[in-house]
Amino acid sequence: MKAEIKVFEVIVAVIVVIVLVMLGRKILAGRSIQDTINNAFERAQPAIALSFLIALFVCVIFSTTYFCPDFIAAPVSKNARDVVPLFHVTFIATSVAFFLTQFGVFYFAFRYRSARAKNAVHIKQNTKLEVAWTLTPTIVFIFLFLWGQVLWAKITEEPSGDVLVIDVIGQQFSWLAHYAGRDHRLGQNDFRLIDNVNTAGIDFSDPASKDDFIPVQMHVPKGKPVRLLIRSKDVIHSFYIPYLGVKMDAVPGMITTLSFTPTETTRDMQKKLKDNDFDFEVACAELCGRMHFAMKLIVVVDEPAEFETWYNQQPSWISTHNADDLLQ
Amino acid sequence: MTVQQDQSSPHDFQQHTEPEEHTSQSFLEKYIFSTDHKTIAKQYLYTGIFWAIVGSLLSLIIRIQLGFPDTDFSGLQSFLGTRVTNGRLDPDFYLSMVTMHGTIMIFFVLTGGFIGTLGNLLIPLQIGARDMASGFLNMLSYWIFLTSSVIMFYSFFVENGTSAAGWTAYPPLSVLVQASSGAGQGMTLWILSMMLFIISSTMTSINFVVTIVNLRTKGMSLRRLPMTIWAFLFTAILSLLSFPVLMSAFLLLFFDKSMGTSFYLSDIFIAGSPLPNKGGSPIVYQHLFWFLGHPEVYIAIFPAFGIVSEVISTNARKPIFGYPAMVASIFAIMVLSFTVWAHHMFMSGMNPFLGSVFSLTSFIIAVPSSVKVFNWIMTLWQGKIHLTTSMLFAIGMVSLFITGGLTGLFVANTAIDMMVHDTYFVVAHFHLVMGSAAFFGFLCGVYYWFPKMFGRMMNTTLGYIHFWLTIVGVYLVFFPMHFLGLSGLPRRYYSFTTFDTFNIYPDLNTFISIAAILTFSAQLIFLYNFFHSIFYGKPATQNPWRSTTLEWTTPVQMIDGNWPGDVPVVYRWPYDYSVPDAAEDFIPQNIEHNANNDDH
């Protein structure tokens, strides 16, 4: 060990002496140290630019492949799942453009460095080339746009048939999910009816509201379209389920809608991810104040039969609260 | 062919007017309330640097909170008071930091500081004018800008702190004190400061447009304008047309906040009682805000486009490739930028069909942006490239603009945007494409025109070290944010531990924070170099970069009126680099043609 250190020290000492001698010679030759350093740095720039290009490519490729498995590019709901191929194609197109253009920028900076290049070529423009590189991206972009709009139309389309409609309310700092109950008709609501008890502002003079319920956790069935009518009591929130790839703002004074069809149950996901504690979580994606980062609701995706059982077991909201507390 | 367009420039009179003599100027007139565009440019530069430091320090607080959630902040207790409890940052304080970082960087650094500095410096010098069209208006706009920034700074110290509603200040969060603690005095000052800022920016823009249109020297036809001037012209037009809309948005916001109107408020139940407001809509605010908000990102990046074109052409010793296409593409971006604003609102609950329309325009605006990138690369091709510090920042800007711009193709597409909207993917996108790229353009301009401003050179070694640390740092900070965003992490979160979904990359957040601290430290090298070189830098020569444009025909030590004698007459376009058979590899704009030269 000791010998190794000595060898190392000797090498360092030799290098230092050589550098000092070289610098000294430069100074004797009438040049300041600063100029010498500046020149050395200047001469090194093209090589550094090339090394940077290589390092950039290596890091980008390595980190992207490393983090790829965790991308939520594989959402488990019907329409969002169809977006994945579009995502991949966009990813490939942008990757090609990224590598070509970054290569151009840094490699040309290296290749045509002043120390090596003869004279610059006096070219002003080349119409054919310019038309080509205007049209190529245009065609690619329009293709991506059209594909995206086909999917977007499906995503925003109102689902038909057997649809589960849920009234979702955003408030500082939690989500409420208001279900229609056994009559499958949602009761009316009004923000003026909201108080500390009737937090969702349900109008209990409406007969349809008598069997409505607000569970602690939101449940939805697998494979059946769910349509959310989203509103907000106070500020703008955004209803966001990362694993389902869906998001929609909750805006006070209006109702926004969001439809999705889950394709995996919570239990499927727990098996797939080998994590028994996995849950679908609703987060808020629009800044809504102090506890924005903690506005969570658990969504349980059940098998349809399980969901029916759960749905029919839920006691109505009115039966679990004292009617005297209500505004009316 | 030596056809001279625009022989009768509208302002022949300027040509022969002698610069005014100001021998009896007092200190106050010369350095403080100066109407000289060069002094005002420096004032903007110092103010911009101050705000850039403040803005970056705020981002460091954000990064420390996200990267090291267990940090004990009690050491800062004496300074921050109740904003730290039990060694933890208050979430409202964190959101204030997010808000002010965005506001300061976008408005006070990249808009006010950047455009104020290089626009004021370059417009008269490059078009051959003695000063801006109205020196007084120019001075006034700086002082209003400074007042606005002082008010913004003051808002940190009022009761309940400054605004915590994001730089977008969406109502109802921004106007209801029950919803957010910063919505009290802090928000009032925020709105006041922004209004003054808009007034200042409008004055600057009017001055820019009038100067560029009217005060060009003889022979400086539009086809001979340097790219920087084109960029500043379009920036000014863009701000003139979009900032007033923001003014109206803020005016209505102020009414809602302080006078009980309901432009943006409706059906709100908060803090135990319903509010009387009825009929307004927060979506209206979003439309008004983004009608400026999107052009704003181009207001920040256009000057960088111009500067980078100029610097790349000069240092590659080649004409800028496709000059007409470069001008046309900025023009196209300017026009299109008024038609893309609602792509920030795909998930806001507006009509999905409207989303499709804005998605299309957003894709189309990417075409002129790609054209610009290809032209820059083509300018490098077969050049004779001098990698000076300013040149490195120029190619760094192109690199960041590419990286950030490409992710725009994900967010412009409504279907993909549904997943990545309001996540760190978007944070990565705009920090690269308009934040860092515009910053690089700014730094590129400072390195390049430092000799013009101060008559001295900056140290090149420190410049090189600064550049490489910064570009590596910026990539290390913002590139991993794409991965955070694609795995779902939302923006503006105080902590990611509440959700299992988001708690997957704590290490990556720590990594980003360390990179951010290092990147910030690298800027100290620049600050040292900048201030040291002002006093001790190597004296500059008249045309250190061997450039063709008019600013390098002025004396090294700048004087009032810019040129001691007549203003030079322009005979050629600004990119006569490496003209075949010419004696040197550049021919300045004020050199007359002879039989050997080309037709520009």
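Modeller: Strands of a sheet pair through backbone hydrogen bonds, either parallel or antiparallel. In this predicted model, chain A has an open sheet of four strands, ordered E2-E1-E4-E7, with mixed pairing.

Colleague: Which strands of chain A stand at the edges of this sheet?

Modeller: The edges are held by E2 and by strand E7 (256–260) of chain A. Each has a single partner strand, so one side of each is left without a neighbour in the sheet. On average, neighbouring strands of this sheet are turned by 25° against each other, direction ignored.

Colleague: How many bridges join strand E1 of chain A to strand E4 of chain A?

Modeller: Seven bridges join E1 (residues 164–171) to E4 (residues 226–232) in chain A, and the two strands run parallel. One of the residues to look at is Gly170(A), whose bridge partner in E4(A) is Ser232(A).

Colleague: Let us turn to the rings. How is a pair of aromatic rings described?

Modeller: One gives the distance of the centres and the angle of the planes. Over all chains, the count comes to 100 aromatic pairs. Among them is the pair of Phe213(A) and Trp310(A), with 5.8 Å centre to centre and 75° between the planes. Planes over 60 degrees apart count as edge-to-face, and this pair is therefore edge-to-face.

Colleague: Which parts of chain A does the pair of Phe213(A) and Trp310(A) tie together?

Modeller: Phe213(A) lies in the loop between strand E2 (174–178) and strand E3 (218–221), whereas Trp310(A) belongs to helix H6 (residues 304–313), so the pair ties together parts of chain A that are 97 residues apart in sequence.

Colleague: What is the geometry of the pair formed by Phe107(B) and Phe243(B)?

Modeller: The ring centres of Phe107(B) and Phe243(B) are 6.5 Å apart and their planes stand at 50°, so this pair is tilted. Phe107(B) lies in helix H5 (residues 91–127) of chain B and Phe243(B) in helix H8 (residues 227–258) of chain B, so parts 136 residues apart in sequence are tied together. Phe107(B) counts as buried, at 0% relative accessibility, and Phe243(B) counts as buried at 0% as well.

Terms used:
Residues numbered from 1 in each chain as written. Chains lettered and ligands numbered in written order. Predicted model: local features only at pLDDT ≥ 70, side-chain atom pairs only at ≥ 80, totals over all residues. Heavy atoms only, no water. Phe/Tyr/Trp six-rings, centres within 6.5 Å; stacked < 30°, edge-to-face > 60°. Buried < 20%, exposed > 50% of the residue type's maximum accessible area, 1.4 Å probe, protein only. Pairing = 2+ DSSP bridges. Axes fitted to C-alpha atoms, helices over the stretch in contact; angles between N-to-C directions.
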